[in-house]
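Trainee: I've got a new model open and I'd like to learn how to read it. Could you walk me through it?

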Amino acid sequence: MSDHAHDSHTGPIKTPSQLLWTSFFAFVAPVFIIIGLVYFVTSGNKPGAGATDTERDVAERIQRIGTVELRDANRPLQAGDAVYKAQCAACHDAGLAGAPKIGDAAAWSARIATGYEALLTSALKGKGAMGAQGGGNFSDIEIGRAVVHLTNASGGKFPVPNPPAAAEAPAAAAAPAAAPAPAPAAAVVAAAPAAAAPAPAATPVAAAANGEALYKQACMACHVAGVAGAPKLGDKAAWAPRIALGVDALTASVIKGKGAMPPKGGAGAASDAEIKAAVAYMVNASK
């Protein structure tokens, strides 16, 4: 009777070996598991959710929400070769970033076959490493003229585009203009001080917007992807020694050209002040 009672109270651990393993899994293993979890949580090498390293994603993250562009609507339209030299020659003369070289009929034949409208749309909206050319210093028609100049020099036969109002200009000029009524002397005297007032200087906000617009037109094709050794926009390590030189020194290098970068970065129509604004924009985005 006593032997039966003794057996009924015996536990599952019957040997020292079983006791050792039970102690290990009950106390030691949870400690190591907790240490591992703490290390994983505090480690800084975990991949972020949805993180990507593509240059396009980086450019989109640092891009501003809106821009302000100033354009003289009364200036004469530029010829296609002038727009090409200012806007396109930097890449298409040397074939940088996969751009087909001007005059390379074999590289252009398939593109020309798509038609002028398709080529113009690609130029205005951007394609591949080429940034959008629309909405900058040149109008859509001027960009179209540059497209025609580039393609016709490479085997195309597109007509040079003109604004719709160009055909109506001769008829409007033929009509005699009515002579304006002479203004009273008092009005002329009163208007003189207002005419002599200086035009307000461009605000820093407008200058920064112009710098960003010029960057997108002439600089983005190389500085987004780091083409031909150009420091990538936002790469603090690559820009640090350049920023140390100062904006004026960097502007002078851009105006003269350096390495694979042509004078003014290919934006020949831009003024020195506009070049400086673009340099300042890139410096501020890479600090």
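This is a predicted model: local features need pLDDT of at least 70, side-chain atom pairs count only at pLDDT 80 or more; totals for chains, interfaces and linings use all residues.

Trainee: Which residue does K276 form a salt bridge with?

Mentor: In general, side chains of opposite charge can pair when their charged atoms come close. The rule here is a side-chain nitrogen of Lys or Arg within 4 Å of a carboxyl oxygen of Asp or Glu. K276 pairs with D248, and their closest N and O atoms are 3.0 Å apart. K276 sits in helix α13 (residues 272-285) and D248 in helix α12 (residues 247-256), so the pair ties together parts that are 28 residues apart in sequence. D248 counts as exposed, at 54% relative accessibility.

Trainee: How many salt bridges does the rule count?

Mentor: The count comes to one.

Trainee: You mentioned helices. How many helices and strands are there in the chain?

Mentor: Helices (H or I, at least four residues) and strands (E, at least two) are DSSP runs, numbered from the N terminus. This chain has 13 helices and zero strands. As for burial, 27% of its 287 residues count as buried.

Trainee: And at what angle do the axes of α12 and α13 cross?

Mentor: Two packed helices are described by the angle between their axes and the distance between the axes. Axes are lines fitted to C-alpha atoms, for helices over the stretch in contact, and angles run from 0 to 180 degrees between N-to-C directions. The α12 and α13 axes cross at roughly 120 degrees and come within 9 Å. Angles under 35 degrees count as roughly parallel, over 145 as roughly antiparallel, 65 to 115 as roughly perpendicular and the rest as oblique. So α12 and α13 are oblique to each other. Residues making the contact (heavy atoms within 4.5 Å) include D248, L250 and V254 of α12 and I275, K276 and V279 of α13.

Trainee: What about α6 and α7: how far apart are their axes?

Mentor: The α6 and α7 axes are 10 Å apart, and the helices pack at an angle of about 120 degrees. That makes α6 and α7 oblique, therefore. Y116, L119, L120, A123 and L124 in α6 meet residues of α7 that include I143, G144, V148 and T151.

Trainee: Is G144 buried or exposed?

Mentor: Buried, with a relative accessible area of 0%. Leaving out residues up to four places away in sequence, G144 touches Y116, L120 and P161. T151, which is also in helix α7, counts as buried at 1% relative accessibility.

Trainee: Which residues touch the most other members of the largest nonpolar core?

Mentor: In soluble globular proteins, nonpolar side chains tend to be buried together. A nonpolar core is a set of buried Ala, Val, Leu, Ile, Met, Phe, Trp, Tyr and Cys residues joined through side-chain atoms within 4.5 Å. The largest one has 19 residues, and Y84, Y116, I143 and F158 touch the most other members. Helices α4 (80-92), α5 (105-113), α6 (116-125) and α7 (140-152) each supply at least two residues of this core. A second, separate core has 17 residues, including L214, A267, V279 and Y281.

Key. Residues are numbered from 1 along each chain as its sequence is written. Side-chain values use heavy atoms; hydrogens and water are left out. Buried means under 20% relative accessible area, exposed over 50%, partly exposed in between (1.4 Å probe, protein chains only).
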